[in-house]
Amino acid sequence: DWNWIVATGMYIDELDQIIADKKKELKDKIAKDTKFIITTSSILLIVFSILSLFLSRSIISIYNKYKQDIIKKEMDLENKNKELISQLYTDELTGLKNRKALMKRLKRVQYPMVMIIDIDSFKNINELYGVETGNEILKQLAKKLKIFSQGNGYGFDLFRIGSDEFALLNDKEILDIEYYEECVEKLLLTVKTSRFFVPQIQED
């Protein structure tokens with residue numbers, strides 16, 4: 001018997017060429033895919049960076065606006081509180097400090113001296129000439145008392161404590177009776193010699 005082996009094939013050189021071509025094709029594909037991935041990633045990175053910058057600016061802008069709104073509201077609230085406190089301790093007609101302000105002030109002074117002045121028969125003025133006339137007299141008297149309280153180095157605090165009542169407060173450690181008697185005399189003289197001008201008084 002003969003042992004025959006029958007085979008078909010190609011030359012080894014041809015096989016090597018095919019393998020080399022396949023490697024080159026695979027290498028080119030990998031390079032192309034890698035370039036695509038890098039390009040795409042770069043584009044996405046730029047897009048994300050732009051979006052991040054835009055969003056960060058938008059967030060900062062929103063935050064700053066929100067912060068400014070809060071500051072404005074806090075300032076408005078503080079001003080409103082100051083206004084309410086001022087209204088609480090201020091006489092609306094004359095602009096002087098009121099009775100509540102006097103009571104608060106008395107709690108803080110050690111040696112208070114208070115002079116109180118009122119207008120005799122002030123009710124008759126309101127009844128005869130009307131409330132507007134009475135208010136005008138009160139405002140003029142308040143101005144005159146304010147000038148007195150700040151003049152001659154007295155340093156009195158002035159308050160309107162009632163309809164026609166005013167108080168002058170001083171805080172001195174040494175009680176000088178003669179000094180205060182002199183103050184009272186000058187105060188009375190100031191009021192008595194003052195003239196009040198009220199326009200358009202109508203008498204029935």
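This is a predicted model: local features need pLDDT of at least 70, side-chain atom pairs count only at pLDDT 80 or more; totals for chains, interfaces and linings use all residues.
Visitor: Which strands pair with β4, and in what sense do they run?

Guide: Strand β2, residues 112-118, is joined to β4 by seven bridges, and the two run antiparallel. Strand β3, residues 157-160, also pairs with β4 in the antiparallel sense, here over four bridges, and a hairpin of four residues leads from β3 to β4.

Visitor: Where can I find individual partners along β4?

Guide: Take Leu-168 of β4, which is the bridge partner of Met-115, and then Leu-169 of β4, which stands opposite Asp-157.

Visitor: How do side chains sit along a strand, and is β4 enclosed or open?

Guide: As a general idea, the side chains of a regular strand alternate between the two faces of the sheet. In this model, β4 covers residues 165-171, and five of its seven residues are buried, so the strand is largely enclosed by the rest of the structure.

Visitor: How many aromatic pairs are there, and what is their geometry?

Guide: Two rings pair if their centres lie within 6.5 Å, and planes over 60 degrees apart count as edge-to-face. The count here comes to one aromatic pair. Its members are Tyr-179 and Tyr-180, whose ring centres are 5.2 Å apart and whose planes meet at 70 degrees, so the pair is edge-to-face.

Visitor: Is Tyr-180 buried or exposed?

Guide: Buried means under 20% relative accessible area, and Tyr-180, at 7% relative accessibility, therefore counts as buried.

Visitor: Which residue lies over the face of Phe-196?

Guide: That residue is Lys-144, placed over the face of Phe-196 at 5.5 Å from the ring centre.

How values were computed:
Residues are numbered from 1 along each chain as its sequence is written. Side-chain values use heavy atoms; hydrogens and water are left out. Rings of Phe, Tyr and Trp (its six-membered ring) pair if their centres lie within 6.5 Å; planes under 30 degrees apart count as stacked, over 60 as edge-to-face and the rest as tilted. Buried means under 20% relative accessible area, exposed over 50%, partly exposed in between (1.4 Å probe, protein chains only). A charge sits over a ring if NZ of Lys or CZ of Arg is within 6 Å of the ring centre and within 35 degrees of the ring normal. Two strands pair if DSSP finds at least two bridges between them.
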